[in-house]
Amino acid sequence: MLKLINLILITSDRKHCSISFVLVGVVYTYICLVNALFMKNIDIKSLEEKFQKKIDADIKIEPNDWMPDNYRATLIRQISQHAHSEIVGMLPEGNWITRAPNLRRKAVLLAKVQDEAGHGLYLYCATETLGADREETIDDLHSGKAKYSSIFNYPTLSWADMGAIGWLVDGAAIMNQVPLCRCSYGPYARAMVRVCKEESFHQRQGFEIMTKLASGTKEQKEMAQDALNRFWWPSLMMFGPSDADSKHTDQSMKWKIKRHTNDELRQQFVDITVPQAEMIGLTIPDNDLKWNESTKSYTYGAINWDEFWQVVGGNGPCNKERVDARRKAKEDGKWVVEAAMAFANKRSAKKSA
Amino acid sequence: MTQDKKDWPLWEVFIRSKQGLNHKHVGSLRAADSTMAVENARDVYTRRQEGISIWVVPSNLITASDPSDEESLFEPSASKVYRHPTFYDVPDGISHM
């Protein structure tokens, strides 16, 4: 501002009378601007306070309500990444639809994969209520800007992996999603209620596959154990970084987007799952796992966080394959989107004729 | 309704869960036209017998009240307790009222 005034003084050396005019104008505008900015800050502060009061009183936030920009951005990030996880999650299981061991298993797996597509759609809808553009969020997945659950970057090598995914991966997802049914943002919470209702079948069908294999021939049991060995640790990583390294947790808890910390949910998952493994005669691949009588919970071994960050960072076994598959699906499906639009226009022209 | 945009428009979906109940809003979806929106809604929102009837409405045709007007819009009804039957005293011994 001072620079500007100096410039005016220098350039209009011979127009003394107009200088004072300009100066008064500049100063006046400056005061108005500062004032407006100040008022706006007060306004936003009071809106933020009102907003937090609603959250504290467990009143849900709906799409048209005022919300802080960061709340909106956090939700768009979280919900779209959740949606991407559902959609990318179809790939490792889709891999086994044609090779399911019998017709019953095939029908079940098809229904499950179709559910995952549905879950993705509920969630993309929820991001749209926040003003996000659906195609843009999908393009963010394809460009690598948006993440998805790291678990889907592991390959599905045997049929038993379908059991391990249903039992462990969907089990961990349920553990994460049940508290999200009480999330402060209405559309996300409602989508989660639907998702949770459907996920419980997913977990049961997975556990059924594991139970059958674990009580089958020696080779079948080995196959089940091998799947557990490969999916156990990545399942624990699904809950995200440890509380000490989780940068979003504090604010998300304050906004009631999140209700429990990553470590709390992870512990809950371990405590519930370990007895299930014992029941069907499988061994959790963790030598440090032991029951702690004083805390009434299991102590588990150290998680390989290096592996976690590598996979999140794009260097997991299947990251490239997964994103390539999604990108190809969008490109190859473009003509369907366009054809449907052309057909709709033709149909409406016929109707109005 | 001819669409110039290449993206499918957004539709709000309402489902009647059984005969005798209202259609209830369940969410939204994208589809090229209303017929396809109904078909998509069938796949997305009724995979487990959640409904027997579907309505779809273009999202941009919905007019909504503004949440910031909430007070002036709904406050007038708060002060009219005499609109509720519990406002009135009924003498003991009177029944069927």
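**Helices and residues of chains A and B**

Biologist: Is the crossing of α7(A) and α8(A) left-handed or right-handed?
Modeller: A crossing is left-handed if the near helix is turned anticlockwise from the far one by less than a right angle, and right-handed if clockwise. Helices (H or I, at least four residues) and strands (E, at least two) are DSSP runs, numbered from the N terminus. On that rule, the crossing of α7(A) and α8(A) is left-handed.

Biologist: Before we go on, what average pLDDT does chain A have?
Modeller: This is a predicted model in which local features need pLDDT of at least 70, side-chain atom pairs count only at pLDDT 80 or more, totals for chains, interfaces and linings use all residues, and side-chain values use heavy atoms, leaving out hydrogens and water. Residues are numbered from 1 along each chain as its sequence is written, with chains lettered from A and ligands numbered from 1 in the order in which they are written. pLDDT is the predictor's confidence in each residue, from 0 to 100. In chain A, 92% of the residues score at least 70, and the average is 92.

Biologist: Which helix of chain A has the lowest confidence?
Modeller: Confidence in chain A is highest in helix α9 (residues 218-237), at 98. Over residues 7-12, however, pLDDT stays under 50, and the model has four contacts there beyond four places in sequence. Where pLDDT is low, the predicted coordinates should not be read in detail. The lowest mean, 50, belongs to residues 2-11 of chain A, helix α1.

Biologist: Back to that pair, how are α7(A) and α8(A) oriented to each other?
Modeller: The axes (lines fitted to C-alpha atoms, for helices over the stretch in contact, with angles from 0 to 180 degrees between N-to-C directions) come within 7 Å and cross at roughly 150 degrees. The residues of their contact divide into 16 nonpolar, nine polar and two charged. Angles under 35 degrees count as roughly parallel, over 145 as roughly antiparallel, 65 to 115 as roughly perpendicular and the rest as oblique. At their angle, α7(A) and α8(A) are therefore roughly antiparallel.

Biologist: Which residues of α6(A) contact α3(A)?
Modeller: The axes of α3(A) (residues 69-88) and α6(A) (residues 134-143) come within 10 Å and cross at roughly 65 degrees, so the two helices are roughly perpendicular. Their crossing is right-handed. Contact means heavy atoms within 4.5 Å. Ser80(A), His84(A) and Val88(A) of α3(A) meet these residues of α6(A): Thr137(A), Ile138(A) and Leu141(A).

Biologist: How many charged residues does the contact of α6(A) with α13(A) have?
Modeller: The axes of α6(A) and α13(A) (residues 319-352) come within 9 Å and cross at roughly 140 degrees, which makes the helices oblique to each other. Among the residues in the contact are Glu135(A) and Asp139(A) of α6(A), and Arg326(A), Arg327(A) and Lys330(A) of α13(A). Ala, Val, Leu, Ile, Met, Phe, Trp, Tyr, Cys and Pro count as nonpolar, Asp, Glu, Lys and Arg as charged, and the others, Gly among them, as polar. By class, three are nonpolar, one is polar, and the charged residues number five.

Biologist: What relative accessible area does His96(B) have?
Modeller: His96(B) is in the segment after α2 (70-78) of chain B. Its phi is positive, about 55 degrees, although it is not a glycine. His96(B) counts as exposed, with a relative accessible area of 85%.

Biologist: And how far is the C-alpha atom of Asp286(A) from that of Asn229(A)?
Modeller: Asp286(A) lies in the loop between α11 and β1 (290-292) of chain A, and is buried at 8% relative accessible area. Beyond four places in sequence, Asp286(A) touches Trp233(A), Tyr300(A) and Gly301(A). Asp286(A) and Asn229(A) are 57 residues apart along the chain, and their C-alpha atoms are separated by 9.0 Å.

Key. Buried means under 20% relative accessible area, exposed over 50%, partly exposed in between (1.4 Å probe, protein chains only).
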